[in-house]
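Me: I would like to go through the terms used for this entry and see what each one rests on. Please set every value against its cut-off.

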Amino acid sequence: MLAYRIGYGEDAHRLEAGRDLWLGGLKIPDALHGAVAHSDGDAVLHALADALLSGLALGDIGQYFPDNDPANAGLDSATILRRCLELVRGRGYAPLNVALVVTLDRPKLGGLRPDIAASVAELLTLDRAEVGVSFKTSEGLATGHVQVRATVLLGRADG
Ligand SMILES: [Zn+2]
């Protein structure tokens, strides 16, 4: 078994007026648009969950939580992430650090960086310093959606 494994995930959601915007388990205050999704549409947690699974070649969250299954309607994305974390731990690995890139034109999220990092760190039982969060705009190319890319380093839990 490898001592370390890289996982990578992406997620995107269309944004619509009158919906809540969730990122990293945090409800973004003052967001005028939120994600259109079967679940709460938290693109950070979906990308992270896929990154965890991909690091161990366990597939993707669509296989474990199909969006055509009524049982998954409105499913809390933190629950999805926790279940993926359990799968990773079940294989003897644990996340060591995480790098996130969030592309969103509005609202500006820079002031929320510590809160989003803290929220993700808590969900993954990491230190906040192990969660890097970068914010980008689409330069007007994709104003109607949010996109997230997530990289995670997994290490053998027994060192
Ligand atoms: Zn998603």
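Reply: The answers below take the terms one at a time.

Me: What kind of model is this, and how are its residues numbered?
Reply: This is a predicted model: local features need pLDDT of at least 70, side-chain atom pairs count only at pLDDT 80 or more, and totals for chains, interfaces and linings use all residues. Residues are numbered from 1 along each chain as its sequence is written, and side-chain values use heavy atoms, with hydrogens and water left out.

Me: How many helices and strands does the protein have, and what makes a run of residues count as one?
Reply: Helices (H or I, at least four residues) and strands (E, at least two) are DSSP runs, numbered from the N terminus. By that rule the protein has four helices and seven strands. Their order from the N terminus is β-β-β-β-α-α-α-β-α-β-β.

Me: How do you know whether the radius of gyration agrees with a compact globule?
Reply: The radius is taken over C-alpha atoms, and the globule rule is 2.2 Å times the number of residues to the power 0.38. For 159 residues the rule gives a value near 15 Å; the protein has 15 Å, so the two agree. The C-alpha trace spans about 45 × 35 × 25 Å along its principal axes.

Me: Which share of the contacts with a separation of 6 or more joins residues 24 or more positions apart?
Reply: That share is 73%, where contact means heavy atoms within 4.5 Å.

Me: What makes D11, H13 and H46 donors of the zinc ion?
Reply: Donors are N, O and S atoms within 2.8 Å of the metal (3.2 Å for Na, K and Ca); water is not among the atoms, so sites may look incomplete. The zinc ion is coordinated by OD of D11, NE2 of H13 and ND1 of H46, at 1.9 to 2.0 Å, so these atoms meet the 2.8 Å limit. Along the chain the donors follow the spacing D-x1-H-x32-H. H13 lies in strand β1 and H46 in helix α1, so this pair ties together parts that are 33 residues apart in sequence.

Me: Are H13 and H46 buried or exposed?
Reply: Buried means under 20% relative accessible area, exposed over 50%, and partly exposed in between (1.4 Å probe, protein chains only). H46 has 7% relative accessibility, so it counts as buried. H13 has 13% and therefore also counts as buried. Of the 159 residues of the protein, 44% count as buried. Leaving out residues up to four places away in sequence, H46 touches D11, H13, S39, D40, G41, I61, S77 and I80.

Me: Which residues line the largest pocket?
Reply: Lining residues have an atom within 4 Å of a point. There are 14 of them, and H38, S39, H46, F65 and D67 lie nearest the centre. The elements that give two or more residues to this lining are β1 (4–17) and α2 (61–64). The lining divides into six nonpolar, six polar and two charged residues. Ala, Val, Leu, Ile, Met, Phe, Trp, Tyr, Cys and Pro count as nonpolar, Asp, Glu, Lys and Arg as charged, and the others, Gly among them, as polar.

Me: What is said of the backbone at A57, T125 and P107?
Reply: A57 has a positive phi of about 55° although it is not a glycine. It sits in the loop between α1 and α2, and its 62% relative accessibility makes it exposed. T125 has a positive phi of about 50°, again without being a glycine; it lies in the loop between α4 and β6 (131–136) and is exposed at 57%. The peptide bond from R106 to P107 is cis, with omega near -5°, and P107 is in the loop between β5 (93–103) and α4 (113–124).

Me: Is L112 buried or exposed, and what does it touch?
Reply: L112 has a relative accessible area of 15%, so it is buried. Apart from neighbours within four places in sequence, L112 is in contact with I28 and P29.

Conventions. 1 Å grid on protein atoms, 1.4 Å probe; cavity = no way out; pocket = protein on both sides within 12 Å on 5 of 7 lines; lining within 4 Å.
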